[in-house]
Amino acid sequence: MSAIQRTALACAVAMAFGAEATAQMMLAPLPPGRPFDLDLQVKPGSPPVVVLPQAPVEASAMTTPGPAPTLAQPDDDEGPEWPQRTPGQTAEEPAFDPDEKPDRPGISTDPGTSIVCLPPVLKSILGKIADKYGAVKVTSTWRPPWRARRGSYHKRCEAMDFRVPGVRPRAVLEWARALPEVGGHKVYWNGLIHIDTGPRRPW
């Protein structure tokens with residue numbers, strides 16, 4: 001085989017491997033669309049199973065051990081989607097619309113949110129709140145790692161954010177925190193109430 005033929009063969013092999021690598025890169029899975037847990041196949045009567053996407057592990061994390069996240073920390077998700085106080089708003093009264101009417105009686109959810117993955121204890125709390133106030137609107141349950149803070153119970157679908165239309169959020173939380181099964185609890189400035197399965201704690 002001549003030098004020209006060997007060079008041509010080497011170029012062809014390199015191009016073939018390059019095309020294969022490009023094809024593999026194009027086949028990388030995309031993050032799931034919302035709602036995240038509505039496509040799970042759950043048999044009637046069986047507990048819900050949630051398959052959470054795995055976050056990529058950085059090379060530095062594999063070689064340098066760091067502190068493990070603790071789920072006993074406050075699930076503090078305040079950020080751009082959790083607005084701070086507006087002018088004139090006091091700590092005693094988060095934002096809420098006293099004239100807001102529920103979509104329907106009982107438990108309802110925002111578009112893209114599901115309560116399928118919630119553990120029975122949180123579903124029971126929702127049921128008791130709906131029985132007390134007539135309706136409850138769930139706005140967030142499970143969040144993927146890229147939308148939840150470190151240590152967040154939302155990453156395990158063991159936390160929920162909700163509101164009771166037309167009812168003062170602090171009044172709802174004062175009633176709910178008397179339930180012995182309530183763990184972590186908080187009212188955000190935008191009027192959403194957070195309850196999780198962690199240690200009983202406000203923050």
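Which hand does the link of cysteine 117 and cysteine 157 have about the S-S bond? I looked this up and noted that the link is right-handed, with 60° about the S-S bond.

Before going on, I wrote down that this is a predicted model, in which local features need pLDDT of at least 70 and side-chain atom pairs count only at pLDDT 80 or more, while totals for chains, interfaces and linings use all residues. Residues are numbered from 1 along each chain as its sequence is written, and side-chain values use heavy atoms, with hydrogens and water left out.

**Disulfide**

I found one disulfide in the structure, a term that stands for a pair of cysteine sulfur atoms within 2.5 Å. Cysteine 117 is joined to cysteine 157 with 1.7 Å from S to S. I then checked burial, where buried means under 20% relative accessible area, exposed over 50%, and partly exposed in between (1.4 Å probe, protein chains only). Cysteine 117 is buried at 8%, and cysteine 157 is buried at 1%.

**Aromatic pair**

I counted one aromatic pair, given that rings of Phe, Tyr and Trp (its six-membered ring) pair if their centres lie within 6.5 Å, with planes under 30 degrees apart called stacked, over 60 edge-to-face and the rest tilted. Tyrosine 133 and tryptophan 175 make up this edge-to-face pair, at 6.1 Å centre to centre and 85° between the planes. I noted that tyrosine 133 is partly exposed at 26% relative accessible area, and that tryptophan 175 is also partly exposed, at 27%.
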